[in-house]
Amino acid sequence: MMEQILDAAEYLFSIHGLYGVTLKDVAKRVGVHHTLLNYYFTDKKKLFDDVIARRAGVTSTLRMQALNDYDAATGGKPTVEGALRAFLDTDLDLYGQGGENWKNYGALGAQVSNTPYGAELFDLHFDPVVMRLIELLKKALPDCAEEDIFWGYHFVTGALMLTLARTGRINRLSGGLCDADDFDAIKDRMATFMASGFMSICKPKARG
């Protein structure tokens, strides 16, 4: 029952956001009385937090392992694109191969990442894996100013969130040449594109 509740809430939140969904809405979608949700959750924010947390641990663990494995495989000498692929491709595989529920979670993450409350949740759940990526990028770009590495990550996560939103805009703009659900096509391009961006913006560290 708990999984059904979280799946239903995840779907509704991904469409309407935190403030556009009530516990009664979730109960109706599951087909239970709303008092059952009051039994499990003290309020809507507790339900929302649990929806975010449920898959956050999965994606963070897999990406952390991928980054660690890549760092070890390269003997501590990563490339920018290699580090980005460990971070991005591992995540894109989850959304591309994990079924509709994972796609709903991706859309929800894209939506809440642009809100102060969502950013707090992202700080809580994703900072360790992001900082591990930053470590590898610093190894790959030892002479790059630190602020440029953080700006680069900022642009990477923006592109990732837009991709996970799956709005279909790229389909319309391209006249059908591109498909927002084609995660294989996205994987083929995103890390390579972003790596070039890092190389372009990185200025030398200040000396002294």
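**View 1. His16 is partly exposed, with a relative accessible area of 46%.** Partly exposed lies between buried, under 20% relative accessible area, and exposed, over 50%, for a 1.4 Å probe and protein chains only. The model is predicted, with local features shown at pLDDT of at least 70, side-chain atom pairs counted only at pLDDT 80 or more, and totals for chains, interfaces and linings taken over all residues. Residues are numbered from 1 along each chain as its sequence is written, and side-chain values use heavy atoms, with hydrogens and water left out. His16 belongs to helix 1, where helices are DSSP runs (H or I, at least four residues), strands are E runs of at least two, and both are numbered from the N terminus. Beyond the neighbours within four places in sequence, His16 is in contact, meaning heavy atoms within 4.5 Å, with Val21 and Gln111.

**View 2. Helix 1 covers residues 2-16, and its end C-alpha atoms are 21 Å apart.** The buried residues of helix 1 are Ile5, Leu6, Ala8, Ala9, Glu10, Leu12, Phe13 and Ser14. They pack against helix 2 (23-30), helix 3 (34-40), helix 4 (44-73) and helix 6 (100-112). Just after helix 1 comes Gly17, which takes a positive phi of about 80°.

**View 3. Helix 5 and helix 7 pack with their axes 9 Å apart.** The angle between helix 5 and helix 7 (residues 116-140) is about 165°, where axes are lines fitted to C-alpha atoms, for helices over the stretch in contact, and angles run from 0 to 180 degrees between N-to-C directions. Helix 5 and helix 7 are therefore roughly antiparallel to each other, as angles over 145 degrees count as such, while those under 35 count as roughly parallel, those from 65 to 115 as roughly perpendicular and the rest as oblique. On the side of helix 5, the residues in this contact are Val80, Ala83, Leu84 and Phe87, and they meet Val129, Val130, Leu133, Leu136, Leu137 and Ala140 of helix 7. By class, this contact of helix 5 with helix 7 is made of 10 nonpolar residues, with no polar and no charged ones. Nonpolar here covers Ala, Val, Leu, Ile, Met, Phe, Trp, Tyr, Cys and Pro, charged covers Asp, Glu, Lys and Arg, and the others, Gly among them, are polar.

**View 4. Helix 5 also meets helix 10, and their axes come within 9 Å.** Helix 10 spans residues 183-201, and its axis crosses that of helix 5 at roughly 150°. That makes helix 5 roughly antiparallel to helix 10. Among the residues of helix 5 in this contact are Leu84, Arg85, Leu88, Asp89 and Leu92, and among those of helix 10 are Ile186, Lys187, Met190 and Phe198. By class, the contact of helix 5 with helix 10 has 13 nonpolar, 2 polar and 6 charged residues.

**View 5. Asp89 in helix 5 (residues 80-97) is the residue shown here.** Asp89 is buried, with a relative accessible area of 13%. When the neighbours within four places in sequence are left aside, Asp89 is in contact with Leu84 and Lys187.

**View 6. Thr163 has its place in helix 8.** Thr163 is buried, with a relative accessible area of 16%. Apart from the neighbours within four places in sequence, the residues in contact with Thr163 are Leu92, Ala180, Ile186 and Met190.

**View 7. Arg166 sits in the loop between helix 8 (146-165) and helix 9 (169-173).** Although Arg166 is not a glycine, it has a positive phi of about 50°. Most residues other than glycine have a negative phi. Arg166 is partly exposed, with a relative accessible area of 22%.

**View 8. The chain as a whole has 10 helices and 0 strands.** The C-alpha trace of the chain spans about 65 × 40 × 30 Å along its principal axes. Of the 208 residues in the chain, 44% are buried. Among contacts in the chain with a separation of 6 or more, 73% are between residues 24 or more positions apart.

Key:
Expected span 1.5 Å × (residues − 1).
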